[in-house]
Each structure stands twice: as structure tokens, then as C-alpha cells.
Amino acid sequence: MVCALGAAVCFGTATVLQAVAARAASTGEGGDAALLLRAVRQWRYLAGLALDGLGFLFQIVALRSIPIYAVGAALASSLAVTAVAAARLLRVRLSRNEWVAVGIVCAGLAMLGLASGGEGDQEGSTALKYAMLAIAVAVLLLGLVGGRWSGRGRDLVLGLGAGFGFGVVEVSVRLIDSLAPSDLLTNPATYALLLGGGAAFLLLTSALQRGSVTTATAGMVIGETIGPAAVGVVWLGDRTREGLTWLAVLGFAVGVAGALALARFGEAPAEEAEEAPAEEA
């Protein structure tokens with residue numbers, strides 16, 4: 001559980017550091033490419049990328065040691081980390097309800113930590129590996145056409161699609177049994193992991209660029225927690241400590257509910273962040 005929480009802290013902090021760098025870089029001229037070049041010259045942006053990489057390593061270790069449902073809820077809690085970091089670094093004002101939501105997330109994770117058992121001992125079938133690959137391809141196709149959609153449901157659909165993509169990554173990590181190059185190249189889960197992660201970022205970026213951050217992030221949290229948790233329990237043997245199933249279910253529900261209440265922090269709020277002075281490195 002410690003590694004899962006470490007991943008959440010890394011991802012949540014990285015979001016705010018990259019937001020600070022991007023806002024500082026946005027004062028210049030040029031398009032998206034020029035903005036990116038200015039941003040990567042700042043230590044905050046580079047530190048955010050480093051934290052993303054460290055967080056992914058923590059996520060892999062966590063997925064190999066504790067149930068997927070615990071990892072998914074912990075990763076959703078990165079929104080609480082982002083909220084607290086944004087309140088300090090971006091001077092974003094958190095309402096009383098949002099501070100309560102942060103506390104709810106922490107309570108849910110505490111319950112999960114007490115109730116979670118070890119990683120399931122069942123090996124994923126070949127059919128499950130190909131199913132993950134098929135879902136990853138479907139998410140990628142959704143990403144290729146989703147940016148052209150419009151309407152009220154667009155942001156939710158794209159957010160859910162991104163969540164499914166990240167969920168494929170979570171499950172695929174558990175389905176990779178060997179890191180030998182020959183085994184990786186012949187394992188469908190390897191390609192599912194790469195396609196699912198790339199497609200998820202594509203969908204989430206499209207949703208956040210022209211839509212509601214809150215709606216897209218809420219869809220993502222739902223997509224990356226519920227489905228993978230079910231796969232872990234039904235097909236991979238994830239269990240709880242004896243007699244504590246009720247506590248794990250409650251902790252999962254409480255943690256995800258708290259994360260949904262903080263969905264607007266899927267991307268640091270621009271209006272409030274602009275009030276904070278940002279210095280270039």
C-alpha cells in the first residue's frame with residue numbers, strides 16, 4: 001500500500017508542478033510547440049516529468065504486491081494530493097466541502113489499507129490478455145475519433161475511455177509474468193499496456209482541451225477503478241483479509257467518492273492559478 005500511496009503523491013504533485021510551469025510559459029508567443037519548448041526549460045516541468053516516471057515505477061511495484069482495487073483507489077486519491085498542493089503552490093482556494101473530501105479520501109484509503117490482502121495468486125488466462133488488448137485497441141479508436149465529437153456527453157465519454165485505458169495498464173501489469181525480451185514480445189498484455197496507456201493520454205488530453213475538466217476527470221476515476229477492481233477479484237484472485245471484505249468495499253467506495261468530489265483538480269484550475277505569480281527557472 002505504501003508504494004500505491006507513493007505513486008499517488010508523485011502523480012498529484014507532478015500535476016501541479018507542470019501546471020505552474022505551463023502557466024509561466026504561456027506568457028510568450030507561438031503555438032503549442034513553442035509553449036512546450038518554453039515549459040521544458042523550467043525546472044518545475046522537468047521535476048513533474050521525473051515525478052511521473054517515479055510514480056509509474058511505484059505503481060508497477062504496487063500492482064505486483066497488493067490487489068488492483070487498492071491500487072486503483074490509491075491512484076484516484078492523487079486528486080486529493082493535487083488539491084492540497086494547488087492550495088499551496090497555486091493559491092487555489094479550497095472550499096470547506098473540498099477539505100472534507102480530502103479527509104474522506106484519506107479515511108477510505110486507511111480502511112483499504114487495513115482490509116486489503118495480498119496480490120491474487122491466479123494467473124491471467126490467454127483469453128484475458130487478448131481481451132485487454134482488444135479493449136486497448138477500442139480505446140485507441142475512440143481517441144482517434146473522439147476529438148471530433150460535440151455535445152454534453154462528449155467529456156464524460158472521453159473521460160471514461162481514458163479511465164478504461166489506464167485500467168488496461170493496471171491489469172496488464174499483472175498479466176506480464178516475465179520481463180525476458182522474448183516473452184514480452186509474444187505476450188499480448190505488453191501491447192495492451194502500451195496501447196492502453198497511449199490511448200488513455202490521447203483521450204484525456206482531448207477531453208481537457210475543449211471540455212469540462214470536472215466531467216472528464218470524474219469519468220476517468222470511474223473507468224480506472226471499478227472495471228480493473230472487478231477483473232482483479234473475479235479473474236486474478238484478489239481478496240481481502242479474512243472477515244474484512246465489508247471494510248474493503250466501504251473503503252473503496254469512500255475513497256472513490258472523495259476523489260469524485262475533487263474531480264475539478266484533474267487539471268489545476270486556470271482562473272485561480274493565474275493569481276499566483278510564477279517564476280521561470
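Colleague: What share of the contacts links residues 24 or more positions apart?
Modeller: Among contacts in the protein with a separation of 6 or more, 85% are between residues 24 or more positions apart. A contact means heavy atoms within 4.5 Å. Keep in mind that this is a predicted model, where local features need pLDDT of at least 70, side-chain atom pairs count only at pLDDT 80 or more, and totals for chains, interfaces and linings use all residues. Residues are numbered from 1 along each chain as its sequence is written, and side-chain values use heavy atoms, with hydrogens and water left out.
Colleague: OK, how many helices and strands are there?
Modeller: The protein has 13 helices and zero strands. Those are DSSP runs numbered from the N terminus, helices being H or I with at least four residues and strands E with at least two.
Colleague: And how much of the protein is buried?
Modeller: 48% of its 281 residues, where buried means under 20% relative accessible area with a 1.4 Å probe, protein chains only.
Colleague: Switching topic: how do α11 and α12 pack?
Modeller: Helix α11 (residues 213-235) and helix α12 (residues 245-261) pack at about 165°, with axes 9 Å apart. Axes are lines fitted to C-alpha atoms over the stretch in contact, and angles run from 0 to 180 degrees between N-to-C directions. So α11 is roughly antiparallel to α12, a label for angles over 145 degrees.
Colleague: Which residues meet there?
Modeller: On α11, they include V221, I222 and I226, and on α12, F252 and L260 are among them.

Key
Buried < 20%, exposed > 50% of the residue type's maximum accessible area, 1.4 Å probe, protein only. Parallel < 35°, antiparallel > 145°, perpendicular 65-115°, else oblique.
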